[in-house]
Amino acid sequence: MEKKLLVPGRAAMMAAGAANAELQAFKVNGETVSVAQQKALYDSAVAQGQPAGAELERQVKNVLTQQTVLLQEAKKAKLDRNSDVKQAIEAARNQVLINAVLRDWAKKNPVKDDRKAYEAEKAAYGPTEYQVRHILVKTEDQAKNIISRLNKGADFDKLAKEFSEDRGNKDRGGQLGWVVPRSFVPTFGNAFAGMKEGTVSKEPVRTQFGFHVVKLDAKRPAQLFPTFEAQKPALVNALTNQRVNQHFGELVKNAKVQ
């Protein structure tokens, strides 16, 4: 780690010790690196899961030392006067401001309907899970032939291994596991949702992938949908992004462009 050049990306900092760090200003070629600069990076690393302590303080100092040296070299080379560099700096500045206004609006308008959204998602998931298997073939005639053979007592697992085009599950007898209709295209999901346990589809089920012979092994009350507590962080994040995009999308839409 010591031998690697750490640049402003800062993500390379590793786990630190447990002792509390005592940040102090220091100088690099006469230029002061303040406690505030170090604290901003230090606190960010801790917030991302790095243990606080003296080792993290040392790594923060290393990162800022390297950053300062590079910036000093850029100034010596007068790169800040380069037109391309100026444009890149301006673009970066603009992006920082855009991100700031998005975060500020989201903070002032927190999500309050996460429970309602969760219940809607849970309802869409459905009350029942289905244990399904299938055999995917290219033509309708192939699928009908397989259905005929199954009706005469042929083994589904063996036919799946021999004929199915779905390489992801053919060696497991076409087993898709416990699933719900919404996870698939409507024609496929509706097909197994309307079947009785232990039966095979009477007709091939056509999708954009080909023709499916479907078997429903079992049904059970839904068990796999995550709890509200487990889903809440991702749900709040998704709702926040949705609301932010909607709000600023309206601002853009209503902007006077001449």
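## Basis

The model is predicted: local features need pLDDT of at least 70, side-chain atom pairs count only at pLDDT 80 or more, and totals for chains, interfaces and linings use all residues. Residues are numbered from 1 along each chain as its sequence is written, and side-chain values use heavy atoms, with hydrogens and water left out.

Helices (H or I, at least four residues) and strands (E, at least two) are DSSP runs, numbered from the N terminus.

Strand S3 spans residues 128-137. Eight of its 10 residues are buried, so S3 is largely enclosed by the rest of the structure. Buried means under 20% relative accessible area, exposed over 50%, and partly exposed in between (1.4 Å probe, protein chains only).

S3 runs antiparallel to strand S7 (residues 210-221), joined by 10 bridges. Strand S4 (residues 175-179) also pairs with S3 in the antiparallel sense, over four bridges. Pairing requires at least two DSSP bridges between two strands. Arg133 faces both ways: Lys215 stands opposite in S7, and Gln175 is the bridge partner in S4.

## Helices H1 and H2

H1 (residues 35-47) packs on H2 (residues 54-76) at about 125°, with the axes 10 Å apart. Axes are lines fitted to C-alpha atoms, for helices over the stretch in contact; angles run from 0 to 180 degrees between N-to-C directions. H1 and H2 are therefore oblique to each other. Angles under 35 degrees count as roughly parallel, over 145 as roughly antiparallel, 65 to 115 as roughly perpendicular and the rest as oblique.

From H1, Gln37, Gln38, Leu41, Tyr42, Ala45 and Val46 meet Leu56, Glu57, Val60, Val63 and Leu64 of H2. Contact means heavy atoms within 4.5 Å. The residues of this contact are eight nonpolar, two polar and one charged. Ala, Val, Leu, Ile, Met, Phe, Trp, Tyr, Cys and Pro count as nonpolar, Asp, Glu, Lys and Arg as charged, and the others, Gly among them, as polar.

## Helices H3 and H8

H3 (residues 83-108) and H8 (residues 228-254) pack at about 110°, axes 10 Å apart. They are therefore roughly perpendicular. H3 contributes Val101, Leu102, Trp105 and Ala106 to the contact; H8 contributes Thr240, Arg243, Val244, His247 and Phe248. Six of these residues are nonpolar, two polar and one charged.

## Leu79

Leu79 sits in the loop between H2 and H3. At 42% relative accessibility, Leu79 counts as partly exposed. Leaving aside neighbours within four places in sequence, Leu79 contacts Ala74 and Val85. Leu176 is 97 residues from Leu79 in sequence and 58 Å away in space, C-alpha to C-alpha.
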